[in-house]
Amino acid sequence: MKSLDIHKSEYLKQFETQTYGRNLFRTQEEERLDAPNEECGIFGMYSDNDLDTFSLSQFGLFALQHRGQEACGISVLKDGKITNMKDEGLVLDVYKEIQDPEAFMGNSAIGHTRYTTAGDKKKYNFQPFFAKNEYDQIILSIAHNGNLTNARELKNELEAEGVVFRATSDSEVILRLIQKNLDLGLRGAIKATMEKIEGAYSVVGMTRNKFFAFRDFNGIRPLVLGAVDEKTYVVASESVALDAVGAQYVRDILPGEIIYTNENEPGKLNSYMVNEARGKQRICSFEYIYFARPDSTLENINVYEIREKSGEKIWEQAPVEADVVIGVPDSGVPAAIGFSKASGIPFRPVLIKNRYIGRSFIVPTQEMRERVVNLKLNPIISEIKGKRVVIIDDSIVRGTTSKRLVKILKDAGVKEIHFRSVSPPIIAPCYLGIDTPSKDDLISANMTTEELRNYLGVDSLEFLSTDSLKEILGSSNHCFGCFTEEYPVGKGEEVELFN
């Protein structure tokens with residue numbers, strides 16, 4: 001029998017060359033309906049020297065592919081000129097469409113991989129966004145992860161001043177505010193923008209001679225800083241993107257911090273705190289449970305370790321007699337290993353992934369869509385038939401995927417099923433950069449745990465408590481809004497950004 005350390009090593013190793021998939025039991029449609037979805041991943045790099053920005057930005061964005069699979073885009077600075085490319089599709093597919101890689105090799109690049117939260121799914125909403133001057137030259141480009149809660153109000157103000165909007169995304173509000181205030185200098189323009197916008201935002205961007213990044217005053221969405229050498233810097237949503245381009249993790253960009261370059265000091269990265277009194281650590285707790293890749297480090301906390309500890313903790317909360325522990329690939333596996341370590345119940349990776357399956361199946365009927373799941377994951381029946389099984393999953397959202405998983409296990413002849421969710425019950429939507437179903441569709445907001453246990457048809461059901469999650473994370477300095485309905489900033493308007 002393999003040791004748990006070997007299971008851990010094999011689990012983490014695979015993501016160096018393969019895309020991380022959070023819950024592989026979900027069909028593509030269910031990823032939209034039965035899962036919280038991250039808005040995007042952002043990446044940026046700057047050097048005093050020319051780089052292969054075409055390849056390096058591709059590597060960095062591929063490492064962040066799990067944060068958005070709808071569209072991808074890059075802006076590259078070369079010889080004082082910004083070139084932009086964005087299209088629908090996965091990172092590698094979009095890069096294949098670039099006919100002249102040389103045109104995308106310069107000394108700075110920013111990139112974005114997108115999942116829609118605010119704004120519709122039109123190409124004009126793909127990022128990076130850019131602004132042009134009267135000579136049709138791009139003078140400013142940004143990529144944004146998060147969600148503004150006062151975007152409509154600001155859009156109305158800007159339109160009243162004559163600003164024309166090209167997209168229906170809140171990210172363009174950030175772009176236009178910076179553009180409007182550029183006469184204050186870049187740092188002044190960003191500062192003025194941060195003092196106006198509310199909500200969650202991590203941003204990377206460039207002008208024709210500067211690179212910059214900044215983060216909201218609560219640090220809700222992650223943003224990390226790395227360095228390849230003394231004159232080459234990288235910024236990304238997660239540290240795995242730094243690893244992908246050979247950069248060393250330096251630190252997380254602080255809440256309320258602007259980092260930027262200055263053409264008068266080549267190779268130097270400057271830091272400016274907009275308002276230190278407003279800066280608070282309130283990073284999204286769900287990043288650790290579900291969104292981030294397990295080999296990432298955010299705020300000096302290793303994501304894999306948090307997930308493994310969550311499995312250990314839920315064993316302390318809700319011990320049970322069983323024969324086998326299994327985790328839903330990919331995000332449930334570390335917690336299953338932790339549960340096994342704490343309980344002594346053997347972990348078995350009995351849900352086998354097809355490593356070659358893509359996302360491009362076009363199936364018109366529900367019956368056939370169900371079968372796609374069995375192409376993605378198939379159980380080893382001999383390992384679980386007639387046995388008492390603990391199934392570990394990262395969360396329960398609408399409950400439809402969990403119910404089908406239970407059916408698959410029952411069809412395989414499992415004797416007992418004990419379901420453990422290593423997140424607390426999700427009872428509220430997110431307004432700060434995560435696409436979650438409405439409260440009416442969140443099953444834990446509408447059922448007691450016992451009612452949900454009956455609905456799923458399992459022998460027992462337990463959720464990690466919010467207090468246990470805080471204990472694992474080491475503090476209460478996180479956003480727990482989807483579990484408590486208490487947010488670090490106001491929710492803003494509970495409507496589509498631009499109808």
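Ser331 is buried, at 1% relative accessibility. Keep in mind that this is a predicted model.

Where does Ser331 sit in the chain? In the loop between strand E18, 324-327, and helix H11, 333-343.

Now its surroundings. Leaving out residues up to four places away in sequence, Ser331 touches Tyr11, Tyr20, Gly21, Arg22, Asn23, Tyr290, Arg307 and Asp394.

Take Asp394 from that list. The side chains of Ser331 and Asp394 are joined by a polar contact of 2.4 Å.

Is Asp394 buried or exposed? Buried: its relative accessible area is 0%, and the cut-off for buried is under 20%, so Asp394 qualifies. Asp394 is also a loop residue, placed between strand E21, 388-393, and helix H14, 400-411.

Next, the contacts of Asp394. With residues up to four places away in sequence not counted, they are Asn23, Ile289, Tyr290, Ser331, Ser421, Val422 and Ser423. Asn23 and Tyr290 are among the residues that Ser331 touches, and Asp394 touches them too. Asp394 has a polar contact with Ser395 as well, side chain to side chain, at 2.7 Å.

On to the annotation. Which residues does the UniProt "binding site" annotation cover? Ser331, Asp393 and Asp394, according to the record, which is an unreviewed entry. These residues are spread over 64 residues of sequence, yet they cluster in space, with a largest C-alpha distance of 7.4 Å. Of the annotated residues, Ser331 is included in the lining of the second largest cavity.

To recap. Ser331 and Asp394 both fall under the annotation. Their side chains make a polar contact of 2.4 Å. Ser331 is buried, and Asp394 is buried.

Methods: Residues numbered from 1 in each chain as written. Predicted model: local features only at pLDDT ≥ 70, side-chain atom pairs only at ≥ 80, totals over all residues. Heavy atoms only, no water. UniProt positions renumbered as here; feature names shortened; annotations may be inferred. 1 Å grid on protein atoms, 1.4 Å probe; cavity = no way out; pocket = protein on both sides within 12 Å on 5 of 7 lines; lining within 4 Å. Helix = DSSP H or I, 4+ residues; strand = E, 2+ residues; numbered from the N terminus. Buried < 20%, exposed > 50% of the residue type's maximum accessible area, 1.4 Å probe, protein only. Contact = heavy atoms within 4.5 Å. Polar contact = N/O pair within 3.5 Å; in protein donor to acceptor, adjacent residues only side chain to side chain.
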